[in-house]
Amino acid sequence: SRIANTPPDLTAQEIWVNIRLLPLLAQELVIKKILLRGSSIKVTRNSEGKFEFAGLNGILIRKNKLEENFFKSIKLGLVPQLVIQNGRVQFFDYYNNPDPTTVLLANLNASIKKLITAPTFSFIFRGEVVNEYRESSFSISGKLQDPSGGFDFRHLSIDGHISAEDIEFDTIRPYIKYSDALDSSPLAISTNSDFSWGLDRRLNLSGDFKYHPIVKQKEPSLQSSINSRQGKLDYKIQWANEILDIKEASFQSGDIQLNGSGQIREVSSTDPKISFFLKSSDLPVKRLGGYTPFKKIPESVELIRKKLGMGYVKIESLNFDGTLSQLNQLEKNSNLGMLSGEIELRKVNWDLPFVKLRKIGGTFKFNEGRGDIRIEKARCKGLPNVMLTGTILNVINRPRGDLKLEGSLPLKDMKEILVQKYSDPSF
């Protein structure tokens, strides 16, 4: 039903049904093919999270009675097929949002067909997402199978592929948890991914996501800024119950690359438990805060930049085991204990109470809030002709040095530096 004098919520330019005639004599309706051309439907999710298919609500309310009487008389033919041509879907989402999120799908073309030799349905959906700046194409294809030979959604397994090109991320941002890890500025995303859902109720996903900023015509922008806001994620994950298992992940943005794996537990909670392993390519210290996902931990990044000043770091191994809130507040000493790993240092600085190291080449190892630096070579501020090697222990809390100095310096200058720089009683 619909309000008087308003356009219908469900329309179609043409509906064509191909049925078998002989089964009608036995009061059975055997459908071979259904064609919908130029169809349009309005779908709404209300404030309680329930879906309403406008124009079909009356049917859905009387579902049990229809199943008992009408659907028992319908049988799918040997090669049943549903075809949609030039369809259109309007989706309005009021759930947790008084101003609804609106998604418009246009130029929908779909086909669902039963295979002759197996209880399997092949399907393909193609269409466009109408964005603010452009129309973006997408395609979903795959196979549905019910081992029992029927079509019971509780027993279905699915294998498929999805591809999409330059869809505005704001369109789907409300439906992706922790999407704030990406830049909040307008982004376009593309994907080529495989998915499967089995009887074990595990969702498997693998493939890639690419994203880049949406730049309006005549909008000035620096190329370096654009490069830091575009990237690619190759991934392989499994989602079962409350556990998201990230089996493989490789992220590239500009001239940096991160590789790793991890797990998110209690996914639906406000503060899920997170563990991960990570390694990286060379990361420029000065530009570290300009890359995703480092933008989301600005305090921690700024602390690193102030401490190291310049040069490059390379994550050989980085392990974290804690909660999302702890990850977002790594600048707190109590949360540093959640991290462990090894970082290669190249041409970075580090000021200690008893020595100011410059252009360090070495390794920083840390675990449970304690960190040690093994120095392969470093310069010292005020000692331009001296090279240092050795170890700095417990560099984060109470640093102690075991250093070897090699080089030459006039005795007068050495005495002046030692008196001025290292007269601290703690040294």
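**Exercise 1.** Is Arg-265 buried, partly exposed or exposed?

*Solution.* Start with the cut-offs: buried means under 20% relative accessible area, exposed means over 50%, and partly exposed lies in between (1.4 Å probe, protein chains only). Arg-265 has a relative accessible area of 23%, so Arg-265 is partly exposed.

Before you go on, note that this is a predicted model, where local features need pLDDT of at least 70, side-chain atom pairs count only at pLDDT 80 or more, and totals for chains, interfaces and linings use all residues. Residues are numbered from 1 along each chain as its sequence is written, and side-chain values use heavy atoms, leaving out hydrogens and water.

**Exercise 2.** Find the salt-bridge partner of Arg-265 and say what the pair ties together.

*Solution.* Recall the rule: a salt bridge is a side-chain nitrogen of Lys or Arg within 4 Å of a carboxyl oxygen of Asp or Glu. The side chain of Arg-265 meets that of Asp-321 at 3.8 Å, N to O. Strands here are DSSP runs (E, at least two residues), numbered from the N terminus.

**Exercise 3.** Describe how strand 19 pairs with strand 20.

*Solution.* Two strands pair if DSSP finds at least two bridges between them. Strand 19 and strand 20 (residues 356-367) pair in the antiparallel sense over 10 bridges. Within this pairing, Val-348 stands opposite Ile-360 in strand 20.

Conventions:
Helices (H or I, at least four residues) and strands (E, at least two) are DSSP runs, numbered from the N terminus.
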